[in-house]
Amino acid sequence: VAIEKQQLLSTPKDMATGRASTSISSEDATHFDRPSATRKRPCKGKRDRIRKALCLVRDMVARDPNVFVQGRFFLPAEVEQNAKLRSRTMADLARVAAEAFQDLSDRAAGHSAGLTK
């Protein structure tokens, strides 16, 4: 008798009939059957550190675009390990390097034009 009472107390009851419910409500099912996150987002501190490191690399490439061409820079490990993030970062750095080369050539052309006048 004690076991039956314990089983009745531990199982959810149907509110209309007062009997023990054999089905799990959809609310309970979503709580327990939820798949774990496949892509976990880094914590805010790690995201900030990655952002700062990428800004430093971007500034370094903007000052000297040869750094990008020669590959003399390091990306954070989180970026290196994530193929999608690495390709996006490399495309961004290529754009920054191209703009820096353009600025250098514009300055050189302006400087040489100023000497001939």
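Predicted model: local features only at pLDDT ≥ 70, side-chain atom pairs only at ≥ 80, totals over all residues.
Thr89 is buried, with a relative accessible area of 8%, where buried means under 20% relative accessible area, exposed over 50% and partly exposed in between, computed with a 1.4 Å probe on the protein chains only. This residue belongs to helix α6, and, once its neighbours within four places in sequence are left aside, Thr89 is in contact with Leu54, Leu75 and Val79, contact being defined as heavy atoms within 4.5 Å.

Residues are numbered from 1 along each chain as its sequence is written, and side-chain values use heavy atoms, with hydrogens and water left out.

The chain as a whole has six helices and zero strands, so that the order of elements from the N terminus on reads α-α-α-α-α-α; helices (H or I, at least four residues) and strands (E, at least two) are taken here as DSSP runs, numbered from the N terminus. Of the 117 residues in the chain, 15% are buried. The accessible surface of the chain comes to about 9,900 Å², and 56% of that surface belongs to carbon and sulfur atoms, the areas coming from the Shrake-Rupley method with a 1.4 Å probe, with only the protein chains shown counting as cover for residues. Among contacts between residues at least 6 apart in sequence, 42% join residues at least 24 apart.

In soluble globular proteins, nonpolar side chains tend to be buried together. In this model the largest nonpolar core has twelve residues in all, among them Ile50, Leu54, Val57, Phe68, Phe73 and Leu93; such a core is a set of buried Ala, Val, Leu, Ile, Met, Phe, Trp, Tyr and Cys residues joined through side-chain atoms within 4.5 Å. Helices α3, α4 (66-70) and α6 each supply at least two residues of this core, and the largest share, four residues, comes from α3. Leu54, a member of the core, touches Leu75, Pro76, Val79 and Thr89 when residues up to four places away in sequence are not counted.

Further along helix α6 lies Ala100, which is buried, with a relative accessible area of 6%. Arg49, by contrast, lies in helix α3 and is exposed, with a relative accessible area of 54%; the C-alpha atoms of Arg49 and Pro76, 27 residues apart along the chain, are separated by 8.9 Å.

The largest pocket is lined by 17 residues, of which Pro42, Ile50, Asn82, Leu85 and Arg88 lie nearest its centre. The elements that give two or more residues to this lining are α3 (44-63), α5 (77-81) and α6 (83-116), and α3 provides the largest share, seven residues. A pocket is, on a 1 Å grid over the protein atoms alone, an open set of points where a 1.4 Å probe fits, with protein on both sides within 12 Å along at least five of seven lines, and lining residues have an atom within 4 Å of a point. The lining divides into five nonpolar, two polar and ten charged residues.

How values were computed. Nonpolar A, V, L, I, M, F, W, Y, C, P; charged D, E, K, R; others polar.
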